[in-house]
Amino acid sequence: MERENFGSRFGVLVAMAGSAIGLGNLWRFPYLVGSYGGAAFIFVYIFCVFLLCLPIFISEVTIGRRSHSNAFGAFKKLAPGTKWKWLGAVSVVTPVIVVSYYSVVGGWSVEYFLKAVTLEFTTGMSRSEMGMMFGKFISSVWSPLIGHTIFLLLTAFIVISGVKSGIEKFGKIMMPLLFVLIIVIAVRAATLPGAGEGLKYLFQPDFSKIDASVCAAALGQAFFSLSLGVGTILTYGSYVKKDENIIASSTYTASADFIFALLASCAIMPAVFAFGLNPQEGPGLVFETLPFIFSNMPLGWLVAILFFLALIVAALTSSISLYEVGVAYLVEEKKYSRRGASILIFVIAWVLGCLCSLSFGPLADLKIFGQTIFNLFDKVSANILMPVGGLLLVIFVGWVMKRADVIDEMTNGGRLKGNLWISGFVYFLIRYICPLAVVAVFLSALIF
Ligand code: TRP
């Protein structure tokens with residue numbers, strides 16, 4: 001059977017940017033910016049994205065395109081008969097775990113979108129009432145489960161439609177829409193009275209705030225935001241045609257991801273300041289602070305609808321990339337049909353996701369290693385599986401694959417003359433600098 005590819009350069013870009021841009025940009029990045037000192041954090045983040053994580057991103061794409069295989073098959077092909085296939089196996093299992101809890105949060109976005117549409121935020125509720133409403137919602141049984149089911153069904157539906165007519169087509173329509181939405185919201189926020197303080201907070205760095213914990217948080221976030229270390233970028237890389245410039249596509253993706261995170265902060269921070277709230281709100285930012293702001297600002301009802309729509313779209317384009325990893329594996333290695341593979345992944349992710357969702361309510365007392373199921377999945381994947389996966393991936397490209405092969409892949413067999421010296425530099429980063437940096441994130445995640 002002919003293997004599918006992305007049809008166009010723009011298609012590659014939207015699919016990869018779709019994977020990268022997600023809850024990490026709209027929810028995690030702004031609250032980290034708030035907690036770690038604003039512009040100074042962003043300053044460090046720029047280095048983390050472009051100097052450390054971009055080379056890792058390029059490594060993943062390189063493995064994918066070199067092997068033209070799913071995450072498991074790639075290592076079997078490039079290092080036959082070695083233990084590296086175990087990295088392939090982990091790269092197939094991790095995304096299924098991630099998609100299960102990602103889909104729970106995606107379900108919250110669906111629910112909050114519906115609340116926005118039915119104008120539930122227009123009543124001028126107080127900040128603490130918003131907090132209570134959220135707490136009550138996630139600890140209930142049915143509504144979050146329904147949201148999770150809807151979100152996962154949407155994901156499965158897009159993936160079943162295929163790489164070109166599902167993933168690529170969806171991205172081509174949704175990614176531009178997402179940028180338009182976030183720009184509209186940012187403009188609304190920036191024109192609120194008192195918004196200037198927020199913009200200053202975002203763009204006037206106070207370098208004295210930079211310390212080890214800021215650097216660790218920035219690097220961890222860059223890693224998370226670029227979807228590294230779990231086989232998704234590898235799998236998407238395997239659908240990139242041989243005549244595409246992978247260094248350029250990766251750089252565009254990282255740039256789009258960074259710009260989107262900045263825009264998301266511009267949509268949120270000025271509003272937080274305009275309402276005299278504390279920027280260090282933490283994880284409750286999106287589902288508690290923001291609805292409060294929306295319910296109290298002029299035209300807030302409309303902004304709320306647009307914002308939660310953006311959240312769903314951003315989360316969906318990321319969850320399809322996670323979902324595709326398992327589907328590609330089942331189709332190529334286990335000879336499933338695309339539909340059969342999608343259904344199997346759906347069942348596994350749905351059951352796991354239900355457990356995650358219930359761990360905020362009826363299963364809250366079920367603790368494994370002292371963590372609820374949701375937190376366990378989140379911590380194990382973000383703090384252990386992703387960095388370890390990323391570390392092994394760069395070691396694979398930097399130390400196991402032949403230098404000539406890596407450069408060959410990055411320059412399309414030497415035809416991309418402009419990439420010749422850049423690929424040498426990227427290779428140097430991959431071989432020496434990135435592994436050290438990832439070890440640093442890993443250790444810091446264990447310490448902090
Ligand atoms: N990058 C995604 C975001 O910003 C989250 C994410 C982390 C992810 N790892 C991933 C998405 C792996 C897809 C695949 O929300």
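Modeller: Let me begin with a polar contact, meaning a pair of N or O atoms within 3.5 Å, where within protein one must be able to donate a hydrogen and the other to accept it, and residues adjacent in sequence count only if both atoms are side-chain atoms. The side chains of Lys77 and Ser69 are joined by one of 3.2 Å. This is a predicted model, where local features need pLDDT of at least 70 and side-chain atom pairs count only at pLDDT 80 or more, while totals for chains, interfaces and linings use all residues. Residues are numbered from 1 along each chain as its sequence is written, and side-chain values use heavy atoms, with hydrogens and water left out.

Biologist: Okay, and what does the side chain of Lys77 do with Ser67?

Modeller: A polar atom of the Lys77 side chain lies 2.8 Å from the backbone oxygen of Ser67, and the C-alpha atoms of Lys77 and Ser67, 10 residues apart in sequence, are 6.4 Å apart in space.

Biologist: Switching topic, which backbone or side-chain atoms lie by an oxygen atom of the ligand?

Modeller: A backbone N or O atom of Leu23 lies 2.9 Å from a ligand oxygen, one of Gly24 lies 2.7 Å from a ligand oxygen, and an N or O atom in the side chain of Asn25 is 3.2 Å from one.

Biologist: And how much of the ligand's accessible area does the protein cover?

Modeller: The protein covers 100% of the 360 Å² that the ligand has on its own, with accessible areas taken from the Shrake-Rupley method with a 1.4 Å probe, and, for residues, only the protein chains shown counting as cover.
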